[in-house]
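This briefing concerns the contact between the two parts of a protein chain. The sequence and structure come first, followed by the interface.

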Amino acid sequence: MERFKPLRFSRAGLRGLKVSATLSINEQVRQMWAEGREVYHLGFGESRFPVHPKIAEAFQANVQQRSYLPALGLRELRETIANYYQNKFQINVSTDRVVVGPGSKSLIYALLLALGEEIILPQPCWVSYAPQAHLLGKPVTWVPTGPHENYNLEISVLEQKIAESQLNWGNPEVLVINSPQNPTGAMMPPQRIEELADFAREQGLMIISDEIYALVTHGEIPHASIAQYYPEGSIVLGGLSKHLSLGGWRFGLAILPPGRAGRALRQALLNIASSIWSCVTAPVQYAALVAYSGDPEIEEYIELCTRVHGIRTQYLYDMLVELDIPCVKPTGAFYAFPSFKKWREPLAARGVHTSDELAQYLLDNYELATLPGTAFNCAPENLCLRLSSSYADAGTDKKAEKLLKVYQKNPDPERFIEDHHPRMHKIASRFADFINDLSKG
Ligand SMILES: Cc1ncc(COP(=O)(O)O)c(C=O)c1O
């Protein structure tokens, strides 16, 4: 460990912690753009549509709200969210079970801090869960999932991994699930969620259910929440970052279990929130009141943005299918997670053996920026990449806004893609060139 005077770093949390892969790809892309190079950015996962005018208005009207608010959120806001979840997701929620925090990411960290000794994570999964467990010094039991099962957790594999860990003196007791999922766009069908709920109840598992993409679904699978089947043992996470493109506003929420256990967890979160972040930014809480009011105009806007995400994500998926690149069909979020494993020999001949090397190769040779599967704890030799549809042809606020406008004028998906997505087409032709080159051996 490098030594500085007078700063001395703590090893406990920092050892082995890397800067997020997303940031490092972004930096490389920025550098290439600065050099005047053309880069097609599929690495950036952010919904980029404008702030809905009614939400912007509420924020502006409350700019003078500068006092600290209750650490777990305004009561009125928690009540509004409880009603929203009841209407939207048929989860029976009382106001005292809702807490809000500065982004679901911070709430997940607080929950991982408050609950259990060890964490169970599906593999692959979103980039931040494992580093958070690492920062907390909590061991992780990995449960592999794969394309054969649509990246859904298999109960038998989960059971086996828990048993293996217990045999090794482990105590895995908090499972994090995420549907719709980042990085695959896959969703857990209601039946699998019900099976998982039965298994969790039998085993006494606590489940942190990251449902941040719950309203960004565009396929045939309906979103189901584990809280419908296992309310006593699950905590549901949500927020405004995805369906309302408000990631930078840092607003997240959690729905806690009912009863005494839920109240104890609420107290733990209150202790953490009041010791770390105090409260969610006041104008954001007032704006969130409007965002969760159920206003039909805002609901329509969410549906519009989701449809547009769906069409753009589907385009990426269709392109992969056309090129015979194996990929699970995304039905939620704005990601696709193809594997290039079947080309491992021609790739090896080009010096590419891992998904990191593959992402670098595509950036260097085809100006395609993607994220390697390893960022999501997917084995390097699976040669998986996460492609995000959120940025292409929506690179500036103006372009993103224009996309919504032209789609509203003519909501024909084919015309929408054909006429307004020149960069998506370029992306498709570059992938075609790449696969064409690989097929030469
Ligand atoms: C699966 C998943 N969970 C949580 C988050 C964090 O969202 P928030 O902005 O609410 O912290 C993200 C954002 O990328 C995500 O993809």
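In the interface, 32 residues of domain 1 are in contact with 39 residues of domain 2, contact meaning heavy atoms within 4.5 Å. This is a predicted model, in which local features need pLDDT of at least 70 and side-chain atom pairs count only at pLDDT 80 or more, while totals for chains, interfaces and linings use all residues. Residues are numbered from 1 along each chain as its sequence is written, and side-chain values use heavy atoms, with hydrogens and water left out.

**Domains and buried area**
- Domain 1 comprises 11-49 + 298-439 and domain 2 comprises 67-294, with bounds from an automatic or database domain assignment.
- The domain centres, taken over C-alpha atoms, are 26 Å apart.
- About 3000 Å² is buried between domain 1 and domain 2, and carbon and sulfur atoms give 59% of this area (the accessible area, with a 1.4 Å probe, that two parts lose on being put together, summed over both).
- Val328, Thr331 and Phe376 supply 21% of the area that domain 1 buries against domain 2, more than any other three residues.

- Two salt bridges are found across the interface of domain 1 and domain 2 (a side-chain nitrogen of Lys or Arg within 4 Å of a carboxyl oxygen of Asp or Glu).
- Glu220 and Lys329 form a salt bridge, with 3.7 Å between the closest N and O atoms.
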